[in-house]
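Please walk through this structure from its overall make-up to its local details. The sequence and the model are shown first, and the explanation follows.

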Amino acid sequence: MAERSFAVEVEQLRRGSGETLHVEGILAVTKALLQSGVAYVGGYQGAPISHLMDVLGDAQPILEELGVYFENSASEATAAAMLAASVHYPLRGAVTFKSTVGLNVASDALANLSSGGVLGGALIILGEDYGEGSSIMQERAHAFAMKSQMWLLDPRPNVSAIVDAVETGFELSEASNTPVMLDLRLRSCHLHGSFVAKDNRRPAVSVAQALEHPKRDVGRIVLPPASFVHEQEKINERWPAAVRFIKERGLNETINDDAADVGIITQGGLYNTLNRSLELLGCSDAFGNTTVPLYVMNVTYPVVEDEIIDFCRGKRAVLLVEEGQPDYIEQNLNTILRRNGVETALHGKDLLPVAGEYTSAAVTKGVAEFLRLVLPDAIQHEPALLRDREDPASPFATRVAAEVVQPRPPGLCTGCPERPIFSGMKLAERETGEHHVSADIGCHLFAINAPFELGATTMGYGLGSAGGAALSGPGAGRRTVAFMGDGGFWHNGLTSGVGNAVFNKSDQLLVVVDNAYAAATGGQDLLSSKAETPTRSTQHPIEKAARGVGVEWSKTIDDTFDVGRVRDTFIDALTTEDKGPKVLVMQSECQLNRQRRVKPEMRQALKEGKRVTRERFGVDPETCTGDHACIRISGCPSLTITSNPDPMRTHPIATVLDSCVGCGVCGANAHAAVLCPSFYRSDVVHNPTAGDKVRARVRGWWMKRASARLEGHAARFEAA
Amino acid sequence: MSSWADGRRPVTLAILALGGEGGGVLADWVVAAAEGAGYRAQNTSVAGVAQRTGATVYYVELFPPARGASPNGTGSVRDEPIMSIFPTPGEVDIVITSELMECGRAVQRGFATPDRTTLITSTNRVYSIDEKMALGDGRVDDDELLAAAQRASKRLIAADFAAIAESADSVISASLLGALAGSGALELTREQFEAPIRAFGRSVEPSLAAFAGGFDASGAPERNGGATPDSAGTPALSVTHQPGSGRTQESAKATGERRRNEVAATDPASLVGPELRELAERTRGMPAAARSMILHGLVRTGVYQDLPYAERYLDRVARFAEVEPDRDGAARLTVEAARHIALWMCYQDTIHVALQKTRRARMERVRTEAKAQRNQLLEVREFLHPQIDEITDTLPTALGATLRRSKAFQRLVERVTHKGLILNTTSVFGYTLLATMARCRPLRPRSLRFGREQAAIEQWIEQALAAATSDGELGREVVQCQEVLKGYGATWAHGSESFAKLMTAARKLEGAPDAAERLAALRAAALADEDGAKLDSELRSAALVS
């Protein structure tokens with residue numbers, strides 16, 4: 001069960017022609033796929049397109065009605081390889097994953113796919129995880145388009161434009177026998193907007209129909225001599241066909257070409273940002289009526305040479321707004337202009353930032369500089385952000401002392417079952433000394449931050465074990481600890497990590513964090529999920545898989561909240577004389593998902609009058625001396641500080657917020673780390689049984705009696 | 001043409017919240033409300049891992065129906081307004097922040113600016129990990145954050161919207177939406193704002209209650225008269241109650257102390273129990289500003305042990321009062337001596353913890369915190385981990401020393417407490433056990449630890465007094481060094497080490513002109529980390545190592 005349910009929203013996918021849909025970008029993409037007659041869909045979740053996979057999952061009944069096959073691919077490589085179905089059959093297929101990490105994983109399949117080419121439309125929907133909010137290395141999908149010759153659509157961040165791009169993407173793919181990538185920028189995926197729907201279309205040819213008559217064509221298989229023919233085809237047939245289609249359909253836009261003898265070329269995805277900059281400078285309005293000519297590249301690869309020449313010729317200077325680096329398009333344009341003897345001065349990353357996200361502020365500054373240089377009269381207004389930082393009217397003038405605004409990196413949620421794993425490891429290290437930790441991708445990577453500060457490198461999804469390979473040989477001495485999530489384990493870690501460690505007789509300790517979901521990407525199910533779902537096969541134990549590839553030493557801890565046991569197991573695994581890789585599977589359910597599961601059950605039980613116990617933790621303010629040792633081995637958002645109510649003490653004390661879910665880490669930590677006696681757990685019993693009521697009365701009576709002497713002693717000293 | 005500067009532009013709204021706080025829900029509600037009122041709306045956010053409790057920005061653009069369709073009719077490039085997906089620094093009309101440090105971030109990033117922005121912020125604090133991890137008080141200055149909010153807004157609406165939501169048993173997104181409605185920054189009616197909450201379907205009543213609380217707290221006068229928000233009559237600033245703020249709590253504490261001092265000036269005995277009245281009268285001869293603290297100390301030491309122990313406390317404090325350089329002023333030397341002597345004399349041993357756990361007031365407090373009804377069964381479980389040292393330290397000296405050496409006893413304790421002890425205080429057995437332990441008070445003066453602590457206290461007092469005779473400030477600093485002695489087990493042991501280093505340094509600093517200042521810096525260094533690295537490096541660089 002995914003973190004966010006789209007069960008209600010997906011009903012909108014049934015809407016028909018002419019209706020206006022107010023939806024999020026990802027839902028619009030799904031609707032566009034159905035309007036395009038897609039035959040099969042796959043993908044691997046990851047921000048910012050996680051929700052696209054969730055929407056597709058929740059839309060399964062609708063997909064089935066239309067005869068569309070959908071699968072949750074094991075990895076991006078799996079998803080990309082799935083597009084092989086469009087090589088011989090006229091099937092439209094779409095896959096989705098995050099970029100550029102997903103493209104890295106998928107690029108073997110994609111290179112093969114684009115070499116042989118496709119018959120049916122093949123669309124790869126990319127969630128470009130670049131800029132603020134991104135969790136990966138900052139690279140561009142553009143490079144993959146260039147290296148494998150796949151077309152790259154970069155539509156304006158507008159829901160209608162994105163829907164159009166999906167539909168034309170399939171057509172472009174079919175017209176040029178080339179896979180097409182659709183780049184959705186991070187903010188576009190979560191864009192809320194509206195578009196006018198069309199009717200859904202059943203695939204023209206279904207998977208079942210295609211398989212009635214299996215086809216093969218050795219000319220489409222990547223093996224010499226066909227592979228050499230493919231390269232020629234790409235250049236001599238597919239490229240010209242694509243350019244023809246793009247021009248005929250007017251996918252790129254030239255706007256107000258005669259307004260001036262200078263112009264701006266932009267990637268489609270940056271069009272809204274650019275128009276805002278022009279508005280701020282008084283060169284355009286909210287409806288795009290610009291006084292500076294624009295050429296909008298809704299297709300950023302291939303670059304349409306004729307259109308570039310037409311736009312630039314007769315202009316003194318042109319600015320290219322191209323986000324990220326290297327400056328592939330700028331290099332491309334320079335080649336085009338020089339080869340064709342066009343004298344127009346081309347500006348780009350000389351005026352705009354060479355690296356980093358093209359925010360509204362960055363683009364406005366660059367455009368202002370360009371216009372000042374070539375068309376100063378165009379600037380009708382100077383927005384405040386252009387002012388000098390020292391100017392008190394600048395939005396960036398110092399209005400808040402830097403030290404009071406502290407970084408707030410993402411961290412483990414309240415009740416996260418991964419927290420006690422790291423608490424336990426920290427405590428184990430007090431006895432074994434520090435170890436090299438090879439981290440992986442997933443929520444567990446947050447352990448690199450305070451308060452745990454565990455983890456030295458992360459090499460990619462499922463590569464935690466492999467990342468420690470060189471440091472885990474038989475002669476390495478101090479044992480390396482590798483982390484991996486259940487998601488990474490099934491994505492590739494089982495082979496690239498565990499199998500590799502077994503084969504190479506590695507001495508590594510591998511910790512597999514098994515929280516029953518792909519938690520970091522939004523709680524999707526996977527092979528080892530506990531849940532039973534009608535459409536997927538689950539409950540395949542990780543330890544069994546590890547043993548299956550030859551691991552001898554493996555333990556599964558089924559309750560990570562037992563910090564003492566986690567610590568002792570770590571010590572055991574770090575000190576055992578046994579040879580070969582040690583695999584610890586640490587199991588406990590992701591708390592976000594657990595709460596979503598448990599809360600309604602509890603509400604129901606309460607309503608039905610069943611006995612329900614509500615647990616939460618607390619800190620005694622008298623007993624807490626405010627040293628915050630408990631926080632330093634936890635970092636739980638619900639465990640925080642508050643002013644010391646004691647008039648004599650000054651330092652803030654620890655306190656537990658109402659958001660506490662009663663996971664028990666506080667208490668377990670207090671025990672395992674021998675902290676302090678301040679923590680308590682309170683259990684409130686709702687709908688008590690007769691026995692409970694009797695117990696409450698007896699205890700109340702006894703406590704009153706037994707405390708009489710103590711209270712009497714205190715009353716002699718305390719003011720009434 | 002400058003359409004933007006002339007106001008033909010969308011209303012821009014940024015929401016800064018922590019992942020999981022409901023900033024996305026708030027943005028969705030704003031969009032739905034605005035669409036209901038005929039606006040064109042767009043909403044973006046950066047999702048992904050940033051949403052796991054990290055700082056997150058949601059951005060909304062709303063194009064009002066009044067600002068019309070495209071100027072050139074169908075001749076425009078686009079039929080619908082082009083919305084930006086980024087907030088532009090200096091161009092954000094409304095900023096809503098769910099917490100005070102996130103408000104500071106909105107100011108730092110240039111989203112909130114004094115020429116334009118209606119800034120709606122909750123004044124509650126969600127402390128950052130750095131603030132929480134400090135060994136002492138690592139909290140940043142709330143006042144500076146609030147002052148920054150004022151400096152960076154055209155209009156500021158600040159209130160504890162988290163508390164408002166909580167009192168309605170709802171979430172902050174609802175109270176903040178109410179505040180936005182009440183601010184009048186958007187030309188929508190209250191009903192239009194409430195519509196998406198009603199349509200949301202879940203927890204409608206609590207959400208509407210929180211909405212109403214937020215609406216009222218926004219300081220909105222009755223807006224039915226049609227006054228526009230930016231007209232001259234509207235207050236530029238409304239800061240309402242902020243009980244969540246650490247500074248507010250601290251200042252309430254200071255006010256309480258001032259009041260007690262006023263009482264202590266005329267009737268000190270009224271602030272203590274019957275047995276301490278005579279001792280309380282003795283405070284009349286002591287600096288007025290220190291009396292409340294001394295009376296706190298008397299009660300504390302009396303409850304901790306007995307009357308003679310309280311008297312011993314008073315004698316100790318009196319020695320500082322005699323050398324107080326600022327008798328008629330703040331008397332900081334005496335105040336701090338009264339504070340720290342009491343805290344040290346009431347060190348947290350097993351007997352005292354047992355007493356704290358069994359007090360009636362404590363059980364009542366737990367009940368309130370757990371939101372348990374009077375007649376509801378409540379179980380309270382303690383997480384105890386008595387160490388062998390803690391047990392033998394509590395016993396009479398000879399017995400303690402013998403048991404400490406006994407292998408059999410060590411094994412027994414190890415077996416019982418290795419995994420820690422979870423004790424149900426609310427059970428007859430658990431309560432009896434703790435209450436019995438709490439009544440072992442008479443054993444304490446004969447214990448190993450008692451002797452050790454008293455000797456250390458005496459030594460510290462002598463050193464502080466010696467310093468105070470020549471340098472009052474240094475004397476007070478020596479007294480305040482007691483604050484590094486805190487925690488239990490390893491934390492306490494580490495504190496003791498730091499304390500010893502500070503005392504050595506203090507001796508070396510005596511006579512130096514800036515001795516007090518330097519010792520204060522070293523004390524801060526001792527609380528900077530858990531392994532003492534900062535203190536050691538500062539001691540080395542100041543050549544103050546013993």
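Helices (H or I, at least four residues) and strands (E, at least two) are DSSP runs, numbered from the N terminus. This is a predicted model, in which local features need pLDDT of at least 70, side-chain atom pairs count only at pLDDT 80 or more, and totals for chains, interfaces and linings use all residues. Residues are numbered from 1 along each chain as its sequence is written, while chains are lettered from A and ligands numbered from 1 in the order in which they are written.

The predictor assigns the complex an ipTM of 0.94 and a pTM of 0.92. Two residues are in contact if their C-beta atoms, placed from the backbone, lie within 7 Å.

Chain A contains 25 helices and 24 strands, and its C-alpha trace spans about 100 × 70 × 60 Å along the principal axes. Of its 720 residues, 56% count as buried. A residue is buried if 20 or more other C-beta atoms lie within 10 Å of its own, exposed if 12 or fewer, and partly exposed in between, with C-beta atoms placed from the backbone.

Next comes the interior. A nonpolar core is a set of buried Ala, Val, Leu, Ile, Met, Phe, Trp, Tyr and Cys residues joined through C-beta atoms within 7 Å. The largest one has 289 residues, and A:Trp151, A:Met181 and A:Leu182 have the most contacts inside it. Helix α1 (residues 23-36) of chain B gives the most to this core, nine residues. Apart from it lies another core of 58 residues, including B:Val272 and B:Tyr304.

Helix α7 (residues 190-200) of chain B has B:Phe193, B:Glu194, B:Pro196 and B:Ile197 as its buried residues. These lie on the same side of α7(B) because they cover an arc of only 145° around the axis, the arc being that of the directions from the helix axis to the C-beta atoms. They pack against α1, α6 (172-183) and α8 (204-217) of chain B. On the face turned away from the buried side are the exposed residues B:Glu191, B:Arg198 and B:Ala199. Just after α7(B), B:Gly201 takes a positive phi of about 90°.

In chain A, six strands form an open sheet with parallel pairing, in the order β16-β15-β17-β18-β20-β19. Two strands pair if DSSP finds at least two bridges between them. The edge strands, each pairing on one side only, are β16 (457-458) and β19 (553-557) of chain A. Strand β15 (residues 437-439) of chain A pairs with β16(A) in the parallel sense over two bridges, and A:Thr458 in β16(A) is the bridge partner of A:Ala439.

The loop between β15 and β16 of chain A holds A:Glu453. Its phi is near 50°, a positive value in a residue other than glycine. A:Glu453 counts as exposed because it has 11 C-beta neighbours inside 10 Å.

One joins A:Ala47 and A:Pro48, with omega about 5°, and A:Pro48 is in the loop between β2 (40-43) and α2 (50-58) of chain A. Another runs from A:Ser99 to A:Thr100, with omega near 0°.
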